[in-house]
Amino acid sequence: MTLLARIAPAAEALALACLGAVLAWLSLSGRYAFFVPPSARLGILASGAGLLACALALSSRVGLGGEPSGTSSRRALTHALVTLLASALLVLPFRVSPSELASSALTSRGASEEQGAGDGEDLAGGLPSPSDDAPASGADQSAGADASSDETLTLTTENFSAQVEELSSRGRAHDGQRIDLVGFVMSEESARGQASIPRITAQESFAVARMAIWCCAADAYAVGFAVRWEGATPAADSWVHVRGTLRLRGSKALVIEADSVEETNAPNPEFVVQAR
């Protein structure tokens, strides 16, 4: 038996075991949250366990049977190298800044909406609703009364996307409501063209946002608010805790008149999940 024929099956089994262990580590360590929503955790863990089982089964056959052909040995060695490369890529400590991810994920929807907006029109997340242009009545009036109270709306990782959609679709009812959230800072340049980020005017300093996903990091897009803040503008991509009052600019743009802007640590996970 040649050296290649002896090494290739063992290398393939070892590579499968490495990839299975890496997938299990991604799931158990929580690092999967950089790429996919929490609902994918069990699938990643199951995939890792399956690969470990395959590696165990393959290793048990190493040394058994006849000598494999040269083609089979080369194919097994190729599988091993590709699998090891995938394992290495998953554990590399690479990281993309939120603004870079938002720029790369800019959709044709966002670009077309920006091009269709006039100079006086502001864009924000969510779909247009008749309540944006009509006076609030009935339930909306009661919601508006609540918004003017001292009750604070706290946006969390779990409710961020849904709350932004609610606020943008019924902005008049929530105008004046106290709001509390954590997000990353987007400069005027990085926020420009984002369909779900209001246009930053001379009255605002920056935008505060979270990246929303429904499948994986590949479909991520920014959702958030423009911020009026008289203090120093925080650095782009830094994470801040913003407290203030929600204001509706135009028909849909969500603006926060900030009372405080404090630098903080990035939440875990950084993404928010959009319900479909």
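Leucine 85 lies in helix H3 (residues 70-91); helices are DSSP runs (H or I) of at least four residues, numbered from the N terminus. This is a predicted model: local features need pLDDT of at least 70, side-chain atom pairs count only at pLDDT 80 or more, and totals for chains, interfaces and linings use all residues. Residues are numbered from 1 along each chain as its sequence is written, and side-chain values use heavy atoms, without hydrogens and water.

**Exercise 1.** Decide whether leucine 85 is buried or exposed.

*Solution.* 
- Take the cut-offs: buried is under 20% relative accessible area, exposed is over 50%, and partly exposed is in between (1.4 Å probe, protein chains only).
- Leucine 85 has 52% relative accessibility, so leucine 85 counts as exposed.

**Exercise 2.** Find the residues with the most contacts inside the largest nonpolar core.

*Solution.* 
- Start with the term: a nonpolar core is a set of buried Ala, Val, Leu, Ile, Met, Phe, Trp, Tyr and Cys residues joined through side-chain atoms within 4.5 Å.
- The largest such core has 24 residues.
- Leu155, Phe160, Leu181, Val208 and Phe225 have the most contacts inside it.
- Among the elements giving two or more residues to this core are helix H8 (160-169) and strand S2 (178-186); strands are DSSP runs (E) of at least two residues.
- A second, separate core has 16 residues, including Phe184 and Phe271.

**Exercise 3.** List the contacts of leucine 155, leaving aside neighbours within four places in sequence.

*Solution.* 
- Contact means heavy atoms within 4.5 Å.
- Leucine 155 is in contact with Phe160, Gln163, Val164, Ile179, Asp180, Leu181 and Phe225.
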